[in-house]
Amino acid sequence: MTTKTASTTARPADPCCLVIFGASGDLTHRLLVPALYNLGAAGLLPKDFALIGVARSESSNEAFRDDLAKSLPKFATRQVDEAVARQVLACVGYVQGEPDDPKTYDKIARELARIEGERATKGNRLFYLATPPVAFAPIGCHLGQSGLARQENGAWRRVIVEKPFGRDLASARALNQKLLSVLNEDQIFRIDHYLGKETVQNILVLRFANGLFEPIWNRDHIDHVQITVAEALTVGRRGGYYDATGALRDMVPNHLFQLLSLIAMEPPARFAADAVRAEKAELLDSIQLPTNGEALRNSVRAQYGEGYIDNRAVESYRDTKNVAPDSTTETYAALKLVIDNWRWAGVPFYLRTGKALRAKRTEVAIKFKQAPIAMFRDTPIDRLAQNFLVLGIQPNECIGLEFNAKVPGPSIAIGGVGMTFKYEDYFDSAPSTGYETLIYDCMIGDAILYPRADGIEAGWRVVQPFLDAWREAGGQGLTNYRAGSEGPAEADRLLAEDGRRWRAIA
Ligand code: BG6
């Protein structure tokens, strides 16, 4: 077997200054700076690069730079080479200010003028909104109104908006409207870190760079699809955020719908941002919106109780700090969705996600229809293995095919077997934070991995009937599962009613 180093013809990104709002937070230290370091190590960061941090706390250019340099080795995904770290942090500025105070933007303008005079960043600016979501609209509006984000003299100005993008359809629409009143759509990059995962990006390649799959990728051959994003992590210290959010909002309209739309979209005319994003939005638009009753029948929501994960005792969700003791927020959600188009009519898509489950496992499993088994009727075969194509996203990055084969011997005995392609067997790839490609793409202006306003709203439109039905039902219908288990029994029933069952979360 040959191992191929991921060959890349990528050029260094455009010279630019990255301005991070929320710079003193976790995201900057844990993910963004380590990702910039990895880009630097791969030769993809521009030579003329500068970084400005914006946050509420008092600090100085030097102190902020030292702070980043100190935390980098702690969070880097590889051994830190001092020379690369020096290059990445060669030009660092800091601005103290409130996100909603116009004076903050005057200070940023002054700092940008100083840095743009010193470094040849060509006036290109990338603003990264790594703040709590309440600050997205005010920052976006100030950037627009102050002129800091105005594209002029050949310089680009782009804004990355972190998740969550809204908390329902109305708020997502309102945020889009606000941002679009001061920025153009092609300046707004709504980030979803799932799209930074290699295996997620590979779904497009698997489907459209191989002639093998497309002819069978439809209701004639596919029985159903299961999308699982299971986490062994509990809510931990995020009780306050999580209790106001829940599993559905936290994971489904963004991460699970990204997986769903890549799996089910029609082939785009070109491998280009607008063509791909239009097909993804169209797919989400084709999902049947359930009535209130259907939403309740086709969904399961549950909370974890106490239990054990990896032999470690876990407290129940309601006992978690900052979680209401009578909370009805779900930590597990399962949905059955129906896509109303010619390719998928009659093929259910089952989605599930939850915290404090037996193991971390993200996968998409495509179940093919059963072969007519009449041919083997007289042989001692009681159950054939099911044909699954499984795309493993994490922790194992792999693609597996499960099928039947003859057990060696004089009689016809059939056993389930599998073939698995593992990324690590073919490609050398340095561990990454998952943000590298996303930041790099934004710096070169490629929005293929970033959803457009229509895609975001189409996702919320599908989730909204479930949110409404659950809100109206209150605590009724909310069930429980033991921490460390595979989820609630009701989720098994959701599939059992259709004569199907979930794959194991192992
Ligand atoms: C985040 C959610 O967006 O994704 C978290 O807010 C969740 O609750 C995380 O744990 C999962 O990401 P990953 O990459 O670990 O699957």
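Exposed, for a residue, means over 50% relative accessible area. Select Asn322 to see that cut-off at work: its relative accessibility is 53%, so Asn322 counts as exposed. The model on screen is predicted.

**Stop 1: two loop residues**

Stay on Asn322. It sits in the loop between S11 and strand S12 (332–338). Its phi is positive, about 70 degrees, although Asn322 is not a glycine. Most residues other than glycine have a negative phi.

Now select Asp310. This residue lies in the loop between strand S10 (307–309) and strand S11 (312–314). Asp310 is not a glycine either, yet its phi is positive, about 50 degrees. With 69% relative accessibility, Asp310 counts as exposed.

**Stop 2: Val300**

Select strand S9, residues 299–305, and pick out Val300. Is Val300 buried or exposed? The cut-off for buried is under 20% relative accessible area. Val300 has 7% relative accessibility, so it counts as buried.

Show its surroundings, leaving out neighbours within four places in sequence. Val300 is in contact with Tyr332, Ala333 and Ala334, and also with Trp470, Pro488, Glu490, Ala491 and Leu494. For scale, draw a C-alpha to C-alpha distance from Val300 to Gly400: 28 Å in space, for 100 residues in sequence.

**Stop 3: the nonpolar core**

In soluble globular proteins, nonpolar side chains tend to be buried together. Here the largest nonpolar core has 153 residues. Select Phe21, Phe127, Tyr128, Leu143, Leu260 and Phe349, the residues with the most contacts inside this core. Then colour helix H9, residues 246–264, which gives the most to the core, with eleven residues.

**Stop 4: helix H13**

Select residues 436–444, helix H13. Seven of its nine residues are buried, so H13 is largely enclosed by the rest of the structure. The buried residues are Glu436, Leu438, Ile439, Tyr440, Asp441, Cys442 and Met443.

What covers these buried residues? Show strands S2 (16–21), S3 (49–55), S5 (125–129), S6 (157–161) and S7 (188–190), and helix H1 (26–41); the cover includes each of them. Step just past H13 to Gly445, where phi is positive, about 80 degrees.

**Stop 5: the ligand**

A polar side-chain atom of Lys197 is 2.6 Å from a ligand oxygen atom. For Asp250, a polar side-chain atom also lies 2.6 Å from an oxygen atom of the ligand. In Gln394, a side-chain N or O atom is 2.6 Å from a ligand oxygen atom. Taken alone, the ligand exposes 400 Å², and the protein buries 82% of that.

**Stop 6: two cis bonds**

Most peptide bonds are trans. The bond joining Lys163 and Pro164 is cis, with omega about -5 degrees. Pro164 lies in the loop between S6 and helix H6 (169–182). Gln394 and Pro395 are also joined by a cis peptide bond, with omega about 5 degrees. Look for Pro395 in the loop between strand S15 (388–394) and strand S16 (398–407).

Notes:
Residues numbered from 1 in each chain as written. Heavy atoms only, no water. Core = buried A, V, L, I, M, F, W, Y, C linked by side-chain atoms within 4.5 Å. Buried < 20%, exposed > 50% of the residue type's maximum accessible area, 1.4 Å probe, protein only. Helix = DSSP H or I, 4+ residues; strand = E, 2+ residues; numbered from the N terminus. Polar contact = N/O pair within 3.5 Å; in protein donor to acceptor, adjacent residues only side chain to side chain. Areas by Shrake-Rupley, 256 points an atom, 1.4 Å probe, with all protein chains shown as cover. Contact = heavy atoms within 4.5 Å.
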